[in-house]
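Dear colleague,

Please read the notes with the model open beside them.

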Amino acid sequence: MAELIRAARGTTRTAKGWPQEAALRMLMNNLDPDVAERPDDLVVYGGTGRAARDWPSYHALVATLIELADDETMLVQSGRPVGVLRTHEWAPRVLLANSNLVGDWATWPEFRRLEQLGLTMYGQMTAGSWIYIGTQGILQGTYETFAAVAAKLAAGAKLAAGGAPAEVTDPTAPPAWIDRVGAASLAGTLTLTAGCGGMGGAQPLAVTMNGGVCLIVDVDPQRLARRVATRYLDTVADSLDEAVALTQAARRDRRALSVGVVGNAATVFPQLLADGVEIDIVTDQTSAHDPLSYLPEGVELADAAAYAGRAPQEYTQRARESMARHVAAMVGFADAGAEVFDYGNSIRDEARLGGYDRAFDFPGFVPAYIRPLFCAGKGPFRWAALSGDPADIAATDRAILDLFGDNEALARWIRLAGERVAFQGLPARICWLGYGERELAGVRFNDMVASGELAAPVVIGRDHLDCGSVASPYRETEAMADGSDPIADWPLLNALVNTASGASWVSIHHGGGVGIGRSIHAGQVCVADGTALAGQKIERVLRNDPATGVLRHVDAGYQLAGQVAAAHDLPVPMGRR
């Protein structure tokens, strides 16, 4: 069963309260055909990330949200509503748990067996927690990552061959290039990457917003065409030779440009390396976290789904062998002096399983560029206008500039986003804000709803990829200074704190963008409906949520996190390790 779904707009509610209405609209917005990858299959992004387990579950979610009282909480088990309990007005209206498996059973084969029995679903991060806002949701984090890459290159802090830092430094100290973030540019550089789907589609625009040139490879011409239509990608070349010629000319001219080309990265990356094409930065965001979503060499795109369903183990092995060739080329670029990083899709471990023993010779993006931001409690702060009116986003953009206009990097992002980002579904915006900043923005938005400056309430949430909400040894918690990479207590504490602080809905997921067995992560959403109660909840949640990130990094011994905690009088009972 499939149907066309679009979230309601305006101030007329179907549900009994705005938190319930917001959850209803964001669930529907996740499945808007302008937002979701495969809405007919309830898949939002990432190849398999669903908003609901099946169509009967979706309709039960909708019906329950409409009838849910202001002192009730709906429990959602992997996309299926399983109960409504009497709680209180400060409690979340929805609590969600997606894809969570006991440790010894946390494998892809076991997950797929249980999924086929109708017992679970893959929730990704913001698909199963109903706060996906389209490709913009990852765009700003990708923009921040490439801004940090630019700063690192400008400071001469390139990685040495084999992925080791060029200089041995204290891993707990802020990197020397951190003050250059936002001031440096990628002008005159070429970034090679792959994967132009719901998440990877942010890469070309993030590179060009930082002044660079991007060559992006994808097996699906429709994905590339969609990114051109939504202004995330400038053009699609007819051949690899044409793509190289276009990007090399733009690189020489220091002109920002993004070019897509149809091809398999496992074939194209090695070819570019063998041809000696000058490439400065290399990464990837194919759906490598799930081998059944990665197209092996020699398999036609039209045949992939049937092949994966018919022979999943054989398909997985072929996909991993292709990933091994893909990653070997990335290591080859690193050996040649390029800046190379894993962008969080677990392709290195899949390549290792495919037989390549140098798969981890380049770092993940978090330890390479993002960890200093996490130490300061910085992370993805996103919001959507339930009015459906872009003017509400324009007004909130002005509010962000008023609050944080002295942060030039942030101000530049807001200005560029207003000019260049196409909305998908409900109008939305994202920016990275730190500890002590998020609650200022949230309270301002709530006041704007109360005064009528905004036409309707605003939903405030974030990606699960945040400073204190994830345990993911191949991404967010890779190479922690104290070796605590796999400790999963932190996202669970984060979810508990957000529940206790009054979030509108809270989620705990397993797997995310790196796959089953590799991550535990949590999300929260607040609704600014203009009431005094909403303002009190927002102030607590948006202060306590990033506080867990600061505390997590203080506990791991990071100097910057300790300084941030001290500056904000954040109690740390045992201090820094």
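Gln285 counts as buried, because its relative accessibility of 11% falls under the 20% limit; please keep in mind, here and throughout, that this is a predicted model. The residue lies in the loop between strand 10 and helix 9 (301-310). Leaving aside the neighbours within four places in sequence, Gln285 is in contact with a set of residues that includes Ile138, Thr193, Ala194, Gly195 and Met199, and Gly200, Gln203, Tyr343 and Asn345 also belong to that set.

With strand 7 it pairs in the parallel sense over six bridges, Val217 having Val261 of strand 9 as its bridge partner. With strand 8 the pairing is again parallel, over two bridges, and here Val236 stands opposite Gly260 of strand 9. Five of the six residues of strand 9 are buried, so this strand is largely enclosed by the rest of the structure.

Turning to charged side chains, the structure holds 31 salt bridges, and three of them are described here in some detail.

The side chains of Arg518 and Asp349 meet in a salt bridge, with a nitrogen-to-oxygen distance of 3.1 Å. This pair links distant parts of the chain, given that Arg518 is in the loop between strand 16 (505-510) and strand 17 (520-528) while Asp349 is in helix 11 (residues 347-353), 169 residues apart. Both Arg518 and Asp349 are buried.

A second salt bridge is formed by Arg438 with Asp466, whose closest N and O atoms are 2.9 Å apart. Arg438 lies in helix 15 (residues 438-451) and Asp466 in the loop between strand 14 (458-461) and strand 15 (470-471), so the pair ties together parts that are 28 residues apart in sequence. Arg438 and Asp466 are likewise buried.

Elsewhere, salt bridges that share partners join Arg320, Asp349, Glu350, Arg352 and Arg518 into one network.

Another residue to look at is Glu110, which is found in helix 3 (residues 108-116). Glu110 is buried, because its relative accessible area of 16% is under the 20% limit. Glu110 and Gly515 are 405 residues apart in sequence, yet their C-alpha atoms are 13 Å apart in space.

Finally, some values for the protein chain as a whole. Its secondary structure comes to 18 helices and 17 strands, and its C-alpha atoms fill a box of roughly 65 × 55 × 45 Å, taken along the principal axes. With 577 residues, a compact globule would have a radius of gyration near 25 Å, and the 22 Å found for the protein chain agrees with that expectation. Of the 577 residues, 61% count as buried. Among contacts in the protein chain with a separation of 6 or more, residues 24 or more positions apart account for 71%. The protein chain exposes about 20,400 Å², of which carbon and sulfur atoms supply 52%.

With best regards

Methods:
Residues numbered from 1 in each chain as written. Predicted model: local features only at pLDDT ≥ 70, side-chain atom pairs only at ≥ 80, totals over all residues. Heavy atoms only, no water. Salt bridge = Lys/Arg side-chain N within 4 Å of Asp/Glu carboxyl O. Helix = DSSP H or I, 4+ residues; strand = E, 2+ residues; numbered from the N terminus. Buried < 20%, exposed > 50% of the residue type's maximum accessible area, 1.4 Å probe, protein only. Rg over C-alpha atoms; globule rule 2.2 N^0.38 Å. Contact = heavy atoms within 4.5 Å. Areas by Shrake-Rupley, 256 points an atom, 1.4 Å probe, with all protein chains shown as cover. Pairing = 2+ DSSP bridges.
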